[in-house]
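Visitor: I am new to this structure. Please take me through one part of it closely, and then show me what lies around that part.

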Amino acid sequence: MRNKKTLYIALALVVAAALMAGAYFLFMPKGTAGAKQLAVRVVGKDGETADFSFRTGSEYLRGALEEQKLIAGDESEFGLYVRTVNGYTADDSKQEWWLFTRNGESLMTGVDATPIADGEQYEIALTTGY
């Protein structure tokens, strides 16, 4: 009897996980097709800035930034982990990392899952400290 109860609990957990994954893929933000104009400001080491303005047909931020050769990084189970922006690689030993914002607000998704729209402004800032 105890084994059956454990089996039912495990089955219920698997079903719940599958439903949550399905809901995420169903309701996750979707990109829009077509050309879009983007503005990107990179704030690097010592606060120096570089501004970029370009058109893209990409639906997600990663594609747009890779087209411009602005980002590079490592693939992970969550998508691209951005390590390099505009030629500068964040130094893990100094706790450096890249903060992405859109229209002044921190992104809650990675570059792979961030849909883009015409006229948006992004900032990528080198940040120190975890």
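Guide: Start with the largest pocket of this predicted model. Its lining is made up of 21 residues. Nearest the centre lie Leu 80, Tyr 81, Val 82, Phe 100 and Gly 110. Two elements, β4 and β6 (96-102), each give two or more residues to the lining. The volume of the pocket is about 400 Å³. By type, the lining residues split into 13 nonpolar, four polar and four charged.

Now follow β4. This strand covers residues 79-85 and pairs with β3, residues 71-76. The pairing is antiparallel and runs over six bridges. Between β3 and β4 the chain makes a hairpin through two residues.

Next, take β6. This strand sits in an open sheet of five strands, ordered β2-β1-β8-β6-β7. The pairing in that sheet is mixed. β2 (49-56) and β7 are the edge strands. Each has a single partner strand, so one side of each has no neighbour in the sheet. For β2, look at its pairing with β1, residues 36-43: it is antiparallel, with eight bridges. There, Arg 41 stands opposite Asp 51 in β2.

Is Thr 114 buried or exposed? Its relative accessibility is 0%, so Thr 114 counts as buried. The side chain of Thr 114 makes a polar contact with the side chain of Thr 109, at 2.6 Å. Leaving aside residues up to four places away in sequence, Thr 114 touches Glu 59, Tyr 60, Leu 61, Arg 102, Leu 107, Thr 109 and Tyr 122.

Most residues other than glycine have a negative phi. Lys 69 has a positive phi of about 55 degrees, although it is not a glycine. Lys 69 lies in the loop between α2 (61-67) and β3. Its relative accessibility is 71%, so Lys 69 counts as exposed. Gln 95 is another residue with a positive phi, near 55 degrees. This residue lies in the loop between β5 (88-89) and β6. At 37% relative accessibility, Gln 95 counts as partly exposed. From there the loop leads back to β6, one of the elements that line the pocket.

Conventions:
Residues numbered from 1 in each chain as written. Predicted model: local features only at pLDDT ≥ 70, side-chain atom pairs only at ≥ 80, totals over all residues. Heavy atoms only, no water. Buried < 20%, exposed > 50% of the residue type's maximum accessible area, 1.4 Å probe, protein only. Polar contact = N/O pair within 3.5 Å; in protein donor to acceptor, adjacent residues only side chain to side chain. Contact = heavy atoms within 4.5 Å. Pairing = 2+ DSSP bridges. Helix = DSSP H or I, 4+ residues; strand = E, 2+ residues; numbered from the N terminus. 1 Å grid on protein atoms, 1.4 Å probe; cavity = no way out; pocket = protein on both sides within 12 Å on 5 of 7 lines; lining within 4 Å. Points joined across faces, edges and corners; volume = space filled by probe spheres on them. Nonpolar A, V, L, I, M, F, W, Y, C, P; charged D, E, K, R; others polar.
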